Amino acid sequence: MAELFAYTDGACSGNPGPGGWGVLLRAMEGERVVKERELKGGEPETTNNRMELLAAINALEVLERPTTITVVTDSAYVKNGVTGWIHGWKRNGWKTSNKKPVKNVELWQRLDEARARHDVTWEWIKGHAGHPENERADELARAGMAPYKANGQ
């Protein structure tokens with residue numbers, strides 16, 4: 001049985017500014033890649049955190065049936081949010097511990113709904129540290145951002 005991994009990343013040119021998200025989905029049997037799929041997208045005016053969230057959301061929403069998956073992210077915001085903070089936010093009616101509205105609440109709610117269908121393990125890795133799959137997700141995020149940057153730069 002193949003193991004499924006989603007390597008996710010977000011990118012932003014300025015924060016806020018044009019941004020993109022990328023996902024490398026990879027099914028592995030041992031060390032062998034048996035299937036691979038790439039996803040990307042972007043927005044004209046966004047933040048890096050929103051793009052990191054959208055990468056994870058799209059990785060999970062594209063799966064057609066409940067799946068066991070490891071989501072690998074270089075975003076401590078996504079990892080800490082989905083494995084820790086979100087529980088308190090939900091208890092507090094989507095408010096932070098100091099009673100302020102949760103930023104990006106609609107994306108956190110979408111991520112919460114997407115992950116509920118699956119058996120998800122969340123893994124954080126250091127970004128821009130030569131991790132090939134993370135580097136590919138970063139390239140996809142930048143490609144997703146490209147149409148929204150001035151002159152496609």
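User: What volume does the largest pocket of this model have?
Analyst: In this predicted model, the largest pocket holds about 620 Å³ of space.

User: Why is this space called a pocket?
Analyst: A cavity is a space from which the probe cannot get out, whereas a pocket is an open set of points, so the name marks this space as open. Its lining comprises 19 residues, with Leu4, Ala27, Leu63, Arg65 and Thr67 nearest the centre. Strands S1, S2, S3 and S4 each supply at least two lining residues.

User: What makes a group of residues a nonpolar core?
Analyst: The residues must be buried, belong to a set that includes Val, Leu, Ile and Trp, and be joined through side-chain atoms within 4.5 Å. The largest such core has 31 residues, and Val23, Leu60, Ile69, Trp108, Leu111 and Trp122 touch the most other members. Helix H1 (48–61) is among the elements that give two or more residues, and H1 gives the most, with eight.

User: Which residues does Leu111 touch beyond four places away in sequence?
Analyst: Leu111 touches Leu53, Ala56, Ile57, Leu60, Val82 and Trp122. A separate core of seven residues includes Tyr7, Leu24, Met28 and Ile125.

User: Why are the buried residues of H4 said to line one face?
Analyst: The buried residues of H4, including Ala137, Leu140 and Ala141, fall within an arc of 160 degrees seen down the axis, and therefore line one face of the helix. S1, S2 and S3 are among the elements that cover them.

Note on methods. Residues are numbered from 1 along each chain as its sequence is written. This is a predicted model: local features need pLDDT of at least 70, side-chain atom pairs count only at pLDDT 80 or more; totals for chains, interfaces and linings use all residues. Side-chain values use heavy atoms; hydrogens and water are left out. Buried means under 20% relative accessible area, exposed over 50%, partly exposed in between (1.4 Å probe, protein chains only). Helices (H or I, at least four residues) and strands (E, at least two) are DSSP runs, numbered from the N terminus. Contact means heavy atoms within 4.5 Å. The arc is that of the directions from the helix axis to the C-beta atoms. On a 1 Å grid over the protein atoms alone, a cavity is a set of points where a 1.4 Å probe fits but cannot get out, and a pocket is an open set with protein on both sides within 12 Å along at least five of seven lines; lining residues have an atom within 4 Å of a point. Grid points are joined across faces, edges and corners, and a volume is the space filled by probe spheres set on the points.
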